[in-house]
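Subject: Structure for you to look at

Hello,

Here is the structure I promised to pass on. Please open it and keep it in view while you read my notes below.

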Amino acid sequence: MPEGTYYFPEGFLWGTATAAHQVEGRNPNNTWTAWEQEEGRIINGQTSGLACDWWGGRWREDFDRAQATFQNAHRLSIAWSRIQPTPDRWEETALDYYREMLIGLHSRNIVPMVTLHHFSEPLWVAELGGWENPDIIDLFAAFVEKAVEALSPYCKLWVTINEPDVFALSAYVEGLFPPGKKDLKAAYQVMNHMVRAHAKAYAVIHEIQPEAQVGLAYHYRHFRPAGWLPMDRWMAGLFHTIFNNLFPRTLKDGVFNAVVKKDRIPEAIGTQDFIGLNYYSSDLIRFNLLAKSRMFTTMSFPKDALLSENGFIASQPAGMEACVRWGRQFGKPIYITENGVEDSTDEMRPRYILEHLQALWRAINDNAPVLGYFHWSLVDNFEWERGWTQRFGLWGLDLETQKRIRRPSVDLYAEICRLNGISSEMVERYAPAALPELFPPA
Ligand code: BGC
């Protein structure tokens with residue numbers, strides 16, 4: 001068997017990613033907390049509850065875990081609803097708490113990346129119409145100003161918005177996230193306002209902190225036609241244009257091109273210093289005249305792909321390489337801001353991690369400017385409408401006791417972070433089935 005190591009560039013960031021609502025627990029003025037109370041919204045009626053109890057202080061022990069396992073970066077988000085619980089109130093104690101968390105990361109030699117919007121808002125914002133109301137552009141900018149004023153001494157890497165594509169689709173087309181709409185016109189408006197809000201936030205952040213690095217985290221899906229029919233190919237292209245390209249292209253040329261409708265947003269041009277990419281899986285697209293409510297499309301995974309526990313993710317590492325190649329067109333440094341798999345037994349995760357990192361290495365070896373990788377996630381957390389049925393943590397979480405469960409992937413990822421690479425010997429120990437593919441015989 002060939003032996004070797006795929007090394008990553010010097011100074012590469014190795015971390016994990018989390019989001020406020022998914023880990024903090026007890027978040028009273030938030031759209032998701034309210035949504036969880038509504039019948040039928042979350043699988044099995046589950047709620048975020050205490051989540052990982054970070055608001056109760058357990059971030060300390062989880063950051064200790066990250067440090068002890070050689071992670072040197074962490075991406076977290078802050079909750080707008082805690083910092084501005086009502087329109088006329090800024091909650092300084094919440095800002096103090098986040099400040100303490102960021103100092104806590106620095107003291108553990110972990111570089112923070114902070115996301116300012118990750119799928120949730122204060123209730124009062126939703127009552128005003130949320131992202132459908134253009135007022136949100138200024139409201140979001142005011143929140144960003146307040147938060148960045150307070151936290152910029154401790155953070156230089158900012159993600160304004162997490163996955164605008166998933167947010168617009170899930171909240172305004174599929175009806176799975178609050179406000180639960182199925183309205184393409186509203187989705188168009190939401191995306192349009194998100195571009196404008198991002199552009200304004202970008203300017204606000206740079207005004208306060210000229211050396212800041214500001215980007216978004218895009219969810220990239222690699223869409224391929226399921227068959228040879230021209231309509232399948234056309235549909236796959238359409239999904240790519242709207243889901244993947246719409247937002248970042250507008251930041252490049254100022255044209256917000258949603259195919260059926262166009263707009264100009266010149267102030268968005270040049271408003272990203274890096275590209276954040278969340279990559280999980282890829283889809284086959286088939287045109288289906290009967291699927292009107294799904295935009296005449298059936299999506300599937302390739303028949304031979306390894307599927308995650310609930311079938312939510314198919315392991316398709318080639319998509320990681322495609323994702324980075326796509327991200328390169330914007331001419332900015334790239335961070336993989338999320339990548340991971342739901343797997344409570346850790347049967348699939350080690351192999352998934354190794355295969356995706358090798359695909360990432362291939363892209364880097366081809367000169368892609370990738371600066372870091374954040375695994376989703378540090379510890380199992382609340383998976384939105386899927387509740388607690390999906391477990392993405394390196395560490396598992398026992399919800400009853402708040403105990404963390406050390407999965408084998410913890411040790412694998414620790415070895416990767418320490419070595420700054422993946423070795424044949426690691427693959428042999430953690431995922432021998434992947435050996436012929438990752439280290440093929442000569
Ligand atoms: C989201 C995370 C989520 C993850 C896994 C991403 O789309 O940004 O919040 O937990 O997927 O479902």
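Arg60 and Glu100 join their side chains in a salt bridge, at 2.6 Å from N to O. This pair links distant parts of the chain. Arg60 sits in helix H3 (residues 54-68) and Glu100 in helix H5 (residues 92-107), 40 residues apart. Arg60 is partly exposed, at 34% relative accessible area. Glu100 is partly exposed too, at 36%.

Please note that this is a predicted model.

Salt bridges

How many salt bridges does a search of the whole structure find? The count is 33. Here are two to look up after the pair above.

- Arg89 and Glu91 form a salt bridge, and their closest N and O atoms are 2.6 Å apart. Arg89 is partly exposed, with a relative accessible area of 41%. Glu91 is partly exposed at 22%.
- Asp366 and Arg325 meet through their side chains in a salt bridge of 2.7 Å, N to O. Asp366 lies in the loop between helix H12 (349-365) and strand E12 (370-375). Arg325 belongs to helix H11 (residues 318-328). The pair therefore ties together parts that are 41 residues apart in sequence. Asp366 is partly exposed at 37% relative accessibility, and Arg325 is partly exposed at 40%.

There is also a network of salt bridges to trace. Its linked residues are Arg26, Asp53, Arg58, Glu61, Asp62, Arg65 and Arg404.

The nonpolar cores

Now look inside. In soluble globular proteins, nonpolar side chains tend to be buried together. The largest nonpolar core here has 128 residues. Which of them touch the most other members? They are Ile78, Trp131, Phe140, Trp158, Leu360 and Ile416. Helix H9 (residues 184-208) gives the most to this core, with 13 residues.

Leave out residues up to four places away in sequence. Ile78 then touches Ala20, Ile83, Tyr98, Val114, Thr115, Leu116, Phe143, Ala147 and Leu151.

A second core is separate and has 18 residues. Among them are Met113, Val341, Tyr352 and Phe392.

The cysteines

How many disulfides does a search of the whole structure find? The answer is 0. A disulfide needs the sulfur atoms within 2.5 Å. Cys323 is in no disulfide either. Its nearest cysteine sulfur is that of Cys417, 19 Å away.

Last, find Ala433. Ala433 lies in the loop between helix H14 (424-430) and helix H15 (435-438). Ala433 is exposed, with a relative accessible area of 55%. Now find Arg351, which is 82 residues from Ala433 along the chain. The C-alpha atoms of Ala433 and Arg351 are separated by 8.0 Å.

Best wishes

Technical notes
Residues numbered from 1 in each chain as written. Predicted model: local features only at pLDDT ≥ 70, side-chain atom pairs only at ≥ 80, totals over all residues. Heavy atoms only, no water. Core = buried A, V, L, I, M, F, W, Y, C linked by side-chain atoms within 4.5 Å. Buried < 20%, exposed > 50% of the residue type's maximum accessible area, 1.4 Å probe, protein only. Helix = DSSP H or I, 4+ residues; strand = E, 2+ residues; numbered from the N terminus. Contact = heavy atoms within 4.5 Å. Salt bridge = Lys/Arg side-chain N within 4 Å of Asp/Glu carboxyl O.
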